[in-house]
Amino acid sequence: MKFSIVINGAPWSSPSALSALQFAETVLDSGHDIYRLFFYQDGVLNGSCLCVPPQDEEDIPARWQALIESNDIDAVVCAASALKRGILDKAEADRYDKPGHNLRQGFTISGLGQLIDATQQSDRVISFVI
Amino acid sequence: MTTEISYLFISRCSPYAGQQARAALDLAFTAAAFEQKVSFVFIDDGVLQLLDRQDTQASQLKNIGKMIPALKHYDVENIYIHQPSLARAGLKQIDLPNEFKLLDDEKLGKLVATTDQVMVF
């Protein structure tokens, strides 16, 4: 079955993001496919490459990246949500004349249309609310 | 490219408690812009989004009340208000936009069962 997963929660503000990550890992372990991960609202913070969690806590953004890269998954952060929370790739940093960019490798910035597309292309869309 | 499917957005949070109310509207507008069949339900604390005369001047938040009429402009055809939620919030129908339809638990259940994509905010 082809899944898409919507991640609405920031990595450490609630268990939501980690639950979504565990679900995504389980989907793949069970032999299913992921069409797209869509990071929306505070969920875009999972796409930061600057998070430094304490050593005794899960590095949730790094685990997302490992999952995305080793399975070649399409991972989109919502542009409107990301920009206002300071999650930028190089193109956006240049466009808005910001001093740095922090979008993790494996993630791309795109619009809400990608979520609508995911709802059309996937057998199931699972949202992890905050 | 895009095939027409039906969407139901269930908005269950109060307008200024977080970003959920705004996120539901944004996604409904996007789905409607893709010419999909979109329905929208206000339920639980979400009915508070419908209150008239929301004044966000002092709070400096974006006025959710002013975004809701745009559902009609984006051709979101069926906009529903969950009647039991209204009753729990102590709101009377007369306070609410009259082109919005009321629905009860049974109708809501049918709507969820017959919609391709249900998204809860």
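Helices, meaning DSSP runs of H or I with at least four residues, and strands, meaning DSSP runs of E with at least two, are both numbered from the N terminus. With that in hand, I can say that chain A has 5 helices and 5 strands, and that from the N terminus its elements follow the order β-α-β-α-β-α-α-β-α-β.

Before going further, please keep in mind that this is a predicted model, in which local features need pLDDT of at least 70 and side-chain atom pairs count only at pLDDT 80 or more, while totals for chains, interfaces and linings use all residues. Residues are numbered from 1 along each chain as its sequence is written, and chains are lettered from A and ligands numbered from 1 in the order in which they are written.

Let me turn to the sheet. Strands of a sheet pair through backbone hydrogen bonds, either parallel or antiparallel. In chain A, 5 strands form an open sheet with parallel pairing, in the order β4-β3-β2-β1-β5, where two strands pair if DSSP finds at least two bridges between them. Which strands stand at the edges? They are β4 (107-110) and β5 (124-128) of chain A, and each has a single partner strand, so one side of each is left without a neighbour in the sheet. From one strand to the next, the twist averages 25°, with axes being lines fitted to C-alpha atoms, for helices over the stretch in contact, and angles running from 0 to 180 degrees between N-to-C directions.

As one example of pairing, strand β3 (residues 75-78) of chain A joins β4(A) in the parallel sense over 4 bridges, and V77(A) has I109(A) in β4(A) as its bridge partner.

Two helices of chain A can be described against this sheet, and here two residues are in contact if their C-beta atoms, placed from the backbone, lie within 7 Å. Helix α1 (residues 16-29) of chain A packs on the sheet and touches β1 (2-7), β2 (33-39) and β5 of chain A, with a direction at about 170° to that of β1(A). Helix α5 (residues 113-121) of chain A also packs on the sheet, touching β1, β2, β3, β4 and β5 of chain A, and its direction makes about 155° with that of β2(A).

Finally, there is the contact between the chains, which takes 13 residues from chain B and 11 residues from chain A. On the side of chain B that touches chain A, α1 (20-33) and β5 (117-120) of chain B each supply at least two residues, and the largest share, 5 residues, comes from α1(B).
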